[in-house]
Structures are given as C-alpha cells and as structure tokens.
Amino acid sequence: MMNLIHDGRRTLLKSAGVTLALPMMSSLGRASGEPVANSSVATEDPVSGAKRFVCIGSNLGLFRKALYPETSGRNFEMTPLMKPLEAHRDEVTLFSGFDHRAGNGHLNWDNYLCGKRIGSMSLDQMVAEQIGGDTRFESMQLCAGDIPRQRMVFSRQGVPLPMINRPSVVYRKLFASADDLARQEYLLRSGQSALDVVQEDARMLKHRLGTDDQRKLQEYFSSLRELETRMTRQLTHLADGVQEVDYELPAYDPMAPTMMLECEQMMFDLIALALQTDSTRVATLFIAGLGQVFTLDGQTMRAGYHALSHHGNDPDLIRDLIRVETEHMRCLARFLSQLKDRTDEHGRSLLDSTVVMFGTGMGDASRHSNRDLPTLIAGGGLRHGSHVAADPSSESGPKLGNVFVSLLQHFGVETDQFSDVSGRVDHWT
Amino acid sequence: MSVMHRLAFQSGLVLSVMFVADTSHVAAVDGPQLLAQYCLDCHDASFAEGDYVLQLDHLDWSHPHTRHEMERVHQFVSKGIMPPADFDAPTNQDRSIILRWLDENLRQHSPVGGMTLRRLSAREYANSIRSVFGLSSFELPIGFPPDTLLDGFDNQGNTLVMAASHLEAFADSAANIADQMFPPPTDVVPNQQVHVPAKDLVVSYSSAFLTDGEMRLASSGTSVVRHATWPSKFEAPASGVYEVTVKARSYVPNGINVPTPILRLQSSQMTGNPKTGNPKTGEPTTGKSAPDVVELELAPGESHRLTRSIAIDRGGWVQFRYPNGPFDYEDKEAFQTTVKDLFTAEPRLAAAWEQIGSPPRGGSGWDRLKQAMSTIPAGSQPLEAMRLDSLVNSIAKKNSVSSGETLVYKFFEEGPYVAIESVTIRGPVTTYEDRSQAKARLERERFVGKDRDWDDEQSVRSFFDGFLEILFRRPPTRSEVDAYCSLVRRETRVTGASDRGMHLAVRTALISPAFLYREVGSGQLDDFELASRLSYFLTSGPPDAELYRTAADGVLSRKQVLQAQTRRLLRDHSDRLVVDFASAWLGLDAVDRLMPDTRLIRRFTADHREGMKAEVYQTLQHAIDANLPVRDLIAPDFVFTNGAVGRDIYGIDRDQLASDRKGKNTDRQMRRVSVASDDWRGGLLTMPAVMMATANGVDTQPVLRGVWVLSNILGSPPPEPPKAVPALTPDTAGATSPRDLLARHMSESSCAACHRDIDPVGFVLESFDAIGRWRDRYPKNRSGEKGLPVETAGQLPDGTQLSDVTDLKRYLANAPRQVAQCITEKLMTYASGRKPNYTERHLIEKMIDSLEANEYPLRDLIETLVLSDLFQVK
C-alpha cells in the first residue's frame, strides 16, 4: 500500500501542478477550418474517412441485461447502461450478439481484438499500420488499474505490447520536461551510433548460419532498422522542444486499486490530449477489474468488483455491478464529449475523425462465457444511432470479425477478412 | 522387434488401441496408392473435407512441412482416427503397408538436429544479467514484452521472435544497467524550501479532516493510510536531512482528561548506511529501514511554531500523526471500551446508531447520525444494558474499521485533535548515502573495479576482453574487442567524458546478437555452446566459472567431464530447473493467474497458491535428488504440502500438519506427509496445482483435463478438434451431467476416435473441483447445495475398467515407460528449444531402454539425455 502511494508520488512530482498554455496543433480557441502548416496529413481528404482509433477493453465486460435494449434498430428504448450515453445517442452504435466464437474463461479474454486465435495481430495494430503515419507514437497502450494478465494488443509478430498504467508516465512520455528531453536526446543520439557496432556483430553471426537461420536473424536486422527509425522519429520530435498542454495532473498517480475509476478518467483525458496534439492516432485502454471495493457517490459497494461480476443473479450484487459499469459509461460519455468539443487540424470535430470502440473479451463474467461480447462504437464519421442485434448461436450469422472488417475498410485497409471471417456487416454501408 | 513395433506396443499398453505395421507381408501395392485409395475421396483438392487436402504427388520429403503433414497422417492412421468408421476401413494389412511406408520415409528424411536460431527468453535474459553483472536483485521492468509460450515453454526458437518492441525493451534495459555501472553525472540537489498549506496534505480514508484552513488528526493507530497525513506534493529530492517547520495546535474539550497531545513527525523511510551510521547523529545503524521520528508536545491552546530536522531517503516524505490520541479503532478491545463510554455518555448517539442500523462509512455516516440524533429528544431513556452491549459489540467487533471511519468525525469536530495549519520543508541541509545507493555502489565497484582509468587504452581493452567473454559466453574475437574499444574512444571524444564512452559501449554490447542469441548455426555444438546449452537447461542461466573453464580447456564434450558437470549442477544448482521446467511443463502460471470462484472457497490466499506450486517443485526436486523412479511421480507414498493446502484442499488431518517447530507459520511451512500408495492423494495427476491449472477457477471440463494428461503425462496429444465443433460447457447446476452431455462423443464414431482416449481419463479427474479438492457431487448453486453426483467410472480403450482416479494412477504406475518417454521429450524440448522430430523421438525411445531395469529414475533420465548425441547437436 505504502509503496504504491510512494511510487505514485515520485513519478508524478514533475508534472504535478504544471499548467501552461501552449502552442497546440489545434485548440478550442482556434477558428475552425484554419489550415495548419506542416501537417503531415494536410493533403488528405479532410472530410471523409476516420484518421484516429481509440479502442477500450473492459476486463469484466458489461452486464448485458442492463445494456441491451429489447428492440433493435434506431428506435431502441433507453437502458440503464446506455443512459449515460443518451446525449450521444446519434453518435453511437450498439452491437449485441457479436463475438468471435472463441473459447471461454478469463484466459480467452485476449481474443477480443485478435479474433479466433490469440496472438494474431490485433485490430488496433492493423489500423495503426494504416493510419499511424509519422506521429511520434505509432500507437499507445494504456491501462486503468493494475497491469493485468490479460493481453489486449498484439503486434504483427504476435508480441503482446506492454501497457502503461501510470498517468504520470503517459504524461511524461507525451509532454516531457526540458531535463528529460536532454537525457532522452543523449540516449537517442549515442544509441544511434551504437547500432552500427551491433549491426557488424550481427553480420559476423550471419556468416555462420544456414538459410533458415539467416531468415530468422533477419528479424534482428529489421528490428534494428525499426529501432533506428523510431529513434530518428523521436529525435525529430524532440527538436520541436517541450510540448506543453493545458492540463493539470493530480499530484498523485491513482494507483491504489480503489482509485481505478479515477485512473480510467485520467487515461481518457490523456488520450484526448494525445489525439489533439497528434502525438498518436491509435490508442487502446484496458480497464482492469479485480477485487477492489469502490465507493461511488459516497456509498461503498457491497462487494469487490470481481465478486460483483460473479453476481449469480443476486439482485443486490447486480445493482452494485451496474453502478460500477455506469461509471465506465460516464467516463466514455465524457470522453466522447471532449472529442466532440475539440477540433482536428481541419477544423472538424475530433469525434468525426476518431472511431471509438468500447468492448470486451468477456461476454458474461458471471459464468465466464465469452459468447456475445457487448460492443459500442462511436464517432469516426460512421452512421450511428442504432442497436444492431445478431444471434450469437447462429454459426452463419454475423460475427464481431465482420464488424472489424467494416472498421478496417473504413480506415482504408483493403481487406475483406478478419481472423476466420470474411465480409463486412452491412450496417454502415 | 523393430522400433515401430515397440512404440506401437508400448502405446497400445497405455490407452490407445494402435494399429501396428505388420512386416510379415510383402506389399502388392505401395503406401501412396493405398493412401490415395482410402483418403482422396474426401481429401482431394476439389472436396477438401474439413479444409484438408492430402497432397501425395511430388512429395518433397526434405521439406519440414511435408514431414509435419505426413507425421499427422501417420498419427491419424495409426490411431484409427481416419478414415471415419462409417467409411471404407482399410484392412489391417493395408494399414500396416501405409504405416510402414510413412515410418520408413519419416525416419529417413527427419535428420537429427535442426534447431532454430533463438534468442534468450525474457526469463533467461534476466538471469543472465543477474549473473554477468552480479545484480542479484535485478528484475525486468514491468511491461517488458512477455514471450509467447509454445506448449507452455517460453524458450522455443519458433516463438522467440525478435520484434522491434523486444529490441527496444532490451535497449531500454541496457541503458538502465549502464546507468548503474557508469552513472551519469548527477546534479547537486539545491537546498529548496517548500511551503505546504493544510489543503496540500493528504486525506486517506478517514485519516484526516480539512476544516477552517487546518488539517486535523484525531485517531491513533499504526496504519499510515488510516491515521496519518502527509504533504501531497513533496518528496525528498535526495537522501538527506530536512528542516521541517510546523505550525500546529491541539484542542482538548473541557472535562476530557488526556495527556498533552503529541504531534509526531516521521520520515516515510530513512535507511542509514551501516558504515556511516545514522545520518543525523552518526550513531551506528543496522542498515535496516527505520523511520526517523521526532515528537512535538502541543499544549492545548494557541498554535505553536516548531522546527525540527528529519532524515528522509530519496523519494520519501514526512508523515504526521497523533500517536497518543484517545480514539483508536485499530485495537478492538480499546475501541470497544471507547464506544461503550461514548454511548453511555451520549445515549442519543447510541439511539441514533441503532435507528440507522449501519451508518455509511466516513463523514456522510456521521452526518446521518447527527441528523438522526436531532430527532431524538434530549433526555430520552438510554438503551438498556443488553441492547447497548450487543450494539457496541457489533460495532467494535464486526465493523470496527468502517464504524471507526465514521465515528472519528465526531472527534474531528469535537476533539481531542491536533491540527496542522501549515508545514514548511527546507533542504536537503546535508545529504547521505542511503541503503539502496550503497548497494548499487558496492555492485558497481565489484563489477567495474575501483578507480579504473578509462582514459587509458589498455585499461579499456582489458575490461572488454573480460566483459565480452562473460557476456558472449565465449572468447571475443580481436575485431569485436577493437570495435567496442573504438566506440568508447569515439564517444569519449564527442562528450569529453570517458565514463560516457564506457556507458555507451556497455549498453551496446547488451543488445549485441552475440549476447542475445545462443547456439548459433548447425552441426555439433562446440564446447562453449555445449556449456551454454547445459547451463541454461539445468540452471536457467549462463555457465558458471567452473563449467566455463571446462569449455575453455576444451574438455567439456568428454563424457566423464560432461557427466561430472551435469551431476554437479543437478546437485547444487537445480533449484531453478525444477521451478522453470515444472512451470512450463505443467502450466503452473495458471495457479497465479486464476482467481477461484468465491463460491468454491471464500478465502483463497497466497499460502494456498504458494503451497500448491511448492508441492510440484519439491516433488521434482526430491525425485532428482533421490533419483526416484518415474512411478513416484505418478503414485508416490507421500505428498509435500503446507498447512493451508493440506487443511483446505487435501483435507489432511490436523495432527499430521502440526508444525514441527515452534513459532513457525503452520499455513506456510512445507512438510512431507505420508499417504497410502493407493490413496488418491500423491502424484502429478491429482496435485492441486495441476487440478487448478487444468480448470478455470470456476468449473471443470473433463475433456480439457483428459487432453492435458494425454499431452503432458503420456506424450500423446490428440489432434486438434475438427472445426465447427462448439465447446461443451456442462451445466452442472441443471439436470444434465457432464457425462450425459459428452455421451455424444462416444455415439458418433468420428468423435469417438479421439474421445475414447480422452474422456475416460477426464472423467476420473472429475472427482476434483477447480482448486483440486475431492468431491463426490457437483455444486448446485450459490448456497453450496449439492448437485448431481460425480460419475467417474469408465473404460480405457484397451478394456481396462476405471472406477476412480486411483485405478488410473495404478495403471500408469505399472506402465511407466510412456510417462518416462513423455518426460524425456519434454526435457529435450525445454533444453533444445524445439520439439524432437520423428527420428529423434525414436532415438529417445532407444535412449531410455537402458533405464528400464531401474524403472526410469529421474536423475538418470536427465543425465542420459545430456550425454546423448541428440543433446549435443544444434
């Protein structure tokens, strides 16, 4: 306990209380449509297609009975968990009955963005390859709560990418102070020259290898090149100097398990900032969930979050579970509002160019079933406002992979396949 | 008897009905013709049943893919999985012709060796760093990319990719290590002054209360988060002595008799260095973590302004407490008295509490109480003694923390309390070396040496001669040393600091492929590579000095030397082997990862998890040390357990679990408990860790456990289930038993081909719930009501009747060969970073022949494997 608080305070000190106004790529005050110099995307069509992707994954999912309306289509009735999103009703699509037909249990949560096989390149990374562009970070992986066993994001090589769960670390990564900059610059610059030496080591090694192993060693060479590119990219952006934003981090990292919802909110804030400053265009956020007992509106929940999720249809536990999940929905609604109020470099609302997906790898945490994964998709210039229902027991019916194909195509990826399914869902066409 | 015969015979003995290549007939037609005749009706390119096309034309046996496919065909045909029973079945003679043809070709074309180039796994990397730099407490940073597991193993060439995110993580880690060995110049921390108004002090739970511009403390107790406050925006920039000025007062209401309130200031952490002693006083310290404490007496009344110095470790802070406050809800006895006194003195409070029942935690609860009190007329009758006692009891005994967090607000408002108006911290006035800095310095001096002159070319060269040899696990070439030395020179020239040059070269070497990859190329391992393979196999780390010397002397590949080294490492350093190998082989990470359903067990503690894992490790360690036969892994007459697992999972009598040493934690302490050899307890098959790892924390699935046993104990994994088969999740609360549900496996012949092996094994393991406890009935619902009975009876394919798990244990213990073969294959996979191929499996089969007489003792298995040709080939 003390360690958590201790570390939290340490990492945060630098950014605490730093409130500065700065040259932002776009800001609330700027007249919409004003062109921005040296924007790398200025030549793209500014009004169509999504250019950013935020993907949220909830460890324990959402209680579907409180989320799904009875009716599908545009005139669905409000439900307790949709209520916080009411103001965004026309900007959100709710998918029910979609999943990957993959295995059950906490361990198979990881199917969420991978589809049928855990370890396949995750949806967000496919999108990042397409639109990550030359932003400072091709993608960012964040986590609210303790770093989980679950893995959400897998690179093309099947490597699970690490998540950051300290807001202060995210903040520093995005908006480093001058001291940090100097050190980073030294490490990057000298690091670049060191790459020549190891490259030579690798060449010596290559002579001793057969063809198959040479191919395997190629991984090392291409990683080396990619590392070099990343360093160059970082150095270029470092040259722009300290990026300052109008955002005040609290003086502590909300690392205590009971602070998870606060952490979630801060992570959403930081994602909004990262998108706004064009530091990245693809971000994922994992929402953890273990035994912590939340206190909401001054009232302490009857049981820990994980225990609530195993509600076994106990009405008291369900009531508290819905309260916790309502907080997730509030965070999401607030995030959508933030994106709506901010503009991108074309003066268009950030929400119009950002697809936001809130989903999960677990359909019913009470029974550890991964059938029927509740999924919400907002923004990105898609046609929203409906509840799209599918039959999770139908083998031939639409699956979550079809929704992902639609998203990939929307981002301009030329594919008709995701995991083991092909074809898009008709909804957005 | 041909190898094929014997393998088939052995496998037939255990579980599978296997078709055997019958060599007594001369083939009229050849294998490919027969395969075409029986298979292509469905598996030609146009039908491609089950998305599978059998390619028989122009077979290129030199291609690994072809061999892989043909091994699969061999498995399907020999186990009778294909063709499905409702199709034309080949005659036994035809089947044996097919099998012989496959067997001959597979053996002829599967060469021994052929490892994939592999890098160190994250685990091996961390161990290497610890060993090379002497950083005993080195840990990978959180978020270091984890390695993909292949059949549970983290060190397999095919899955150990080197993606950019890996190299980046290695580079980041390298920079951190170099920082410790060649620290960048640190700026002198200036003496600063920080002013902390009351509002910038932390409130945690109900530890403090901000009102009227002051922060009040009213409860005493040891917990920091419940009874202390501290500046939220200050942490010590350096380990040093700080001057803390506090403006504070105390308040004690009239008529209350308490000692003069004390405000305690204490550093969150202050570790002296044993040599230099207490940083403030110079007195000797133990070097253990102990806070620096100063106490201020605050006589009630006007506020005091006091300055004291406090020593704080870097990153620490200063806490404030009211240690002699009368309100303490941590101590239940004292709390009970306090509450009773309060309720007696203020009957309205007692009445209000009773009226509300259980007021919410914290300030809102106190508000509710005050509101309720205002509706109760003054002078109303106090609660009668019995009711008062039961109320006090329920508050102090059952809800002491939440009630305390509510009642403390009364004290925040009415006193006694101490109140901090502001704090000013100035410093560091002086600085000191704290424990972690001292440790880092010692580690640095040990590795780098003291006062080395890095501007001296010879000094640099001799450093890299030695460092690269340890790091690369072989002598470096001259050009390698040249390259690193010139890197040092160049960077020194650019920066003007030779430390920076060393820093750069060290962190560069740490991402060199010569360090990150091992056993490069093909053919026989050279002595250095053999040393590496042996040490990473047996110790999970690089060769130690003695092993390395045998390689450098060029004698390691001599049988006696290799045997002696193997014995030495197994004797002295096999602790990591048992943990790392067992975790991978048996999938024990699930024991840490799974959170058992609270309906199964209300309190599942770290003692349970650790006890379960430790049982596996100690059993393996014991089997190696005592060279136990393989049957003792299946049906031993002992279990290793701690008190928690023994009591709650195994259900072992209390007296057998009693601690042998006074004062030892019974829950935690591991001990050996004897069991009857026909008990269900004992052996890998029924260990709680294994039963937990093969379930999901909530319910069990017989098929998963059956497949697990076939794959990990018998080395005969069934093929992947066909596509489009949904997972069967038994509804044990309902009316369908798993057995009824899975009856379909047996009624459909295409399912039965594999499930007749899988299901009977899975069913006997249904006696164990998801945390490995014995059960006779399934749970029905939350209230713990019993559901359907567990039915374990079944029949193995060879006709053996099983009534429960003890029959299966006996059966396997009497046929240890297949288990020994499986363990050896798993050890080989772990050591070489790839699964043994067809030919190699046959060589292992031959290799363990010599151990049959002694029933395959475990240490001998390992030794025999190491000394085999198989082990010494890349």
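Reader: Let's begin with confidence. What is the mean pLDDT of chain A?

Author: For chain A the mean is 81, with 82% of the residues at 70 or more. Residues 1-47 of chain A are another matter: there the pLDDT is below 50, although the stretch has 75 contacts in the model beyond near neighbours in sequence. As a general idea, coordinates predicted with low pLDDT should not be read in detail.

Reader: Good to know. Now to burial: why is helix H12 of chain A described as largely enclosed by the rest of the structure?

Author: Helix H12 of chain A spans residues 400-410, and nine of its eleven residues are buried, so the rest of the structure largely encloses it. Among the buried ones are Leu400(A), Val403(A), Phe404(A), Leu407(A) and His410(A).

Reader: Which elements cover those buried residues of H12(A)?

Author: The cover includes helix H4 (123-131) of chain A, along with strands S2 (92-96), S7 (354-360), S8 (375-379), S10 (417-418) and S11 (421-422) of chain A. While you are there, look at Gly412(A), which follows H12(A) and has a positive phi, near 90°.

Reader: Next, the interface. How many residues does the contact take from chain A and from chain B?

Author: Interface size is often given as the accessible area lost when the parts come together. Here we can count residues: 57 from chain A and 54 from chain B. On the side of chain A that touches chain B, the elements giving two or more residues are helices H1 (2-12), H6 (178-206), H7 (211-239) and H9 (305-309), and strand S6 (299-300), of chain A. By class, that side of chain A has 25 nonpolar, 20 polar and twelve charged residues.

Reader: And sheets? In what order do the three strands of the open sheet in chain B run?

Author: The order is S7-S6-S9 in chain B, with antiparallel pairing. Strands S7 (293-297) and S9 (318-321) of chain B are the edges, each pairing on one side only. From one strand to the next, the twist averages 20°. For a closer look, follow strand S6 (residues 262-267) of chain B, which pairs with S7(B) over five bridges; Leu263(B) has Leu296(B) as its bridge partner there.

Note on methods: Residues numbered from 1 in each chain as written. Chains lettered and ligands numbered in written order. Predicted model: local features only at pLDDT ≥ 70, side-chain atom pairs only at ≥ 80, totals over all residues. pLDDT = per-residue confidence, 0-100. Contact = placed C-beta atoms within 7 Å. Buried ≥ 20, exposed ≤ 12 C-beta atoms within 10 Å, placed from the backbone. Helix = DSSP H or I, 4+ residues; strand = E, 2+ residues; numbered from the N terminus. Nonpolar A, V, L, I, M, F, W, Y, C, P; charged D, E, K, R; others polar. Pairing = 2+ DSSP bridges. Axes fitted to C-alpha atoms, helices over the stretch in contact; angles between N-to-C directions.
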